[in-house]
Amino acid sequence: MRIPLVDLGRQHEAVAGAIADGWARVLGRRSFVLGEEGAAFEAEFAAFCRAAHCVGVGNGTDALELALRAAGVGPGDEVVVPAFTFVATAMAVVRAGATPVPVDVAADTGLVDPAAAGAALSDRTRAIVPVHLFGQMADMRALGALVDGTGVALVEDAAQAHGASQHGRPVGFGSTAAAISFYPSKNLGAYGDAGAVLTGDAAVADRVRRLRNYGSASKYEHVEEGFNSRLDELQAVVLRAKLGMLGRWNEQREAAARRYGEALRDVDGVELPVTAAGNRHVWHLYVVRVDDRDRVLERLRRDGVGAAVHYPVPIHRQPAFAGAARRLARAERLAARVLSLPLFPGIRDDEVDYVAEALRRAVRNPSYSRR
């Protein structure tokens, strides 16, 4: 048996007809950018997320950069980010002209530690970027209390959290804005790059709309320097078709995660993922922790299991951010031990069981190799 980390083909089977029909509509209209499909998707995704505004952009990194800019972040500012995340979180800060300040994360969830974020605040801090890692939200209550009345913005990196919520509140609720990625492997993925900004602030939404379109509020009138970062009509068709399936697909992810938990709960040497209190986890990734991780990964791959490692080098250890290098022990320990197991909508019970058994053998028998 060979089981990939992600199988997008199974998703496509469910939406192929709707996508073909939608692409035919776009080709018939011959309008490919900032057209009817994009506007419809923005309205539909805003409704799904219970957000007042959704602005489609070119990709998730642009979404975070433009959200930061719309929140007033710029040169001379500092932005607090978790050290354990994909590098795009910090890169978006740099692209906005500011300096990322990596801080440590909680040992149990890997989410940004509010106490560490609070300790990093300075008179130059303009924003905190909580990352909703692997499908669950950072502690927005604690972070909101940190910034309340300070003028510091909360800009969520929600690239992995489509449909996640916390104490019943969705992504984007109570923050300045939330940045979404629709990279193909996400819970809601395009067939190429795409992204969006969610916000309840009309002024923030209007500024992101200008920034994504050369700083223009109307054709040939450019009120500020901007960018070319627009959600195209073909990708909007894909996202509209998949959005109708997202609730069901997230439930399938949750079911697979429960099955992994049951199969692996008694395996010494495997530390299972923790869901923080109040969170609805949508399981973009199912990430366990093991010692001797790289050897375990090699053995899983010999057995046909498409496991992977997400973020083996934390932000503060990346060469691009060498000036930030210091000891952040929890992030570094996570980076050395995390292991992502196959999980996607449509994964079968027997496939989950096969992966779990392969992991059990690999961890329990260090010399194990399949012959």
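**Ground rules.** Since the model is predicted, I take local features at pLDDT of at least 70 and side-chain atom pairs only at pLDDT 80 or more, while totals for chains, interfaces and linings use all residues. Residues are numbered from 1 along each chain as its sequence is written, and side-chain values use heavy atoms, with hydrogens and water left out.

**Sheet order.** I started with the sheet. It is open, has 7 strands with mixed pairing, and reads β1-β9-β8-β5-β4-β2-β3. My helices (H or I, at least four residues) and strands (E, at least two) are DSSP runs numbered from the N terminus, and two strands pair if DSSP finds at least two bridges between them. On the edges I found β1 (53–57) and β3 (99–103), each pairing on one side only. The average twist from one strand to the next came out at 25°.

**Pairings.** Next I went through neighbours in the sheet. A reminder to myself: strands of a sheet pair through backbone hydrogen bonds, either parallel or antiparallel.
- β1 and β9 run antiparallel, joined by 5 bridges; here V57 stands opposite G195.
- β8 (177–181) and β9 (195–199) are also listed as antiparallel, with 4 bridges, and A178 has L198 as its bridge partner.
- β4 and β5 run parallel with 2 bridges; I128 partners L154 in β5.
- β2 and β4 run parallel with 3 bridges, and E78 sits opposite T125 of β4.

Helix α3 (60–70) lies across β1, β2 (78–82), β4 (125–128), β5 (153–157), β8 and β9, and runs at about 165° to β8. Helix α7 (202–212) touches β1, β8 and β9, and its direction makes about 15° with that of β1. Axes are lines fitted to C-alpha atoms, for helices over the stretch in contact, and the angles run from 0 to 180 degrees between N-to-C directions.

**Which loop residue past α7 did I look up?** N213, in the loop between α7 and β10 (216–218). It counts as buried because its relative accessible area is 18%. Leaving aside neighbours within four places in sequence, N213 contacts L34, F227 and R230.

**D148: buried or exposed?** Exposed, because its relative accessibility is 63%. D148 lies in the loop between α6 (140–147) and β5. I also checked D148 against G215: 67 residues apart along the chain, with 30 Å between their C-alpha atoms.

**Cavity.** On a 1 Å grid over the protein atoms alone, a cavity is a set of points where a 1.4 Å probe fits but cannot get out, and lining residues have an atom within 4 Å of a point. Of the 16 lining residues, the closest to the centre are T109, F134, P273, V287 and R289. The lining divides into 10 nonpolar, 4 polar and 2 charged; Ala, Val, Leu, Ile, Met, Phe, Trp, Tyr, Cys and Pro count as nonpolar, Asp, Glu, Lys and Arg as charged, and the others, Gly among them, as polar.

Terms used: Contact = heavy atoms within 4.5 Å. 1 Å grid on protein atoms, 1.4 Å probe; cavity = no way out; pocket = protein on both sides within 12 Å on 5 of 7 lines; lining within 4 Å. Buried < 20%, exposed > 50% of the residue type's maximum accessible area, 1.4 Å probe, protein only.
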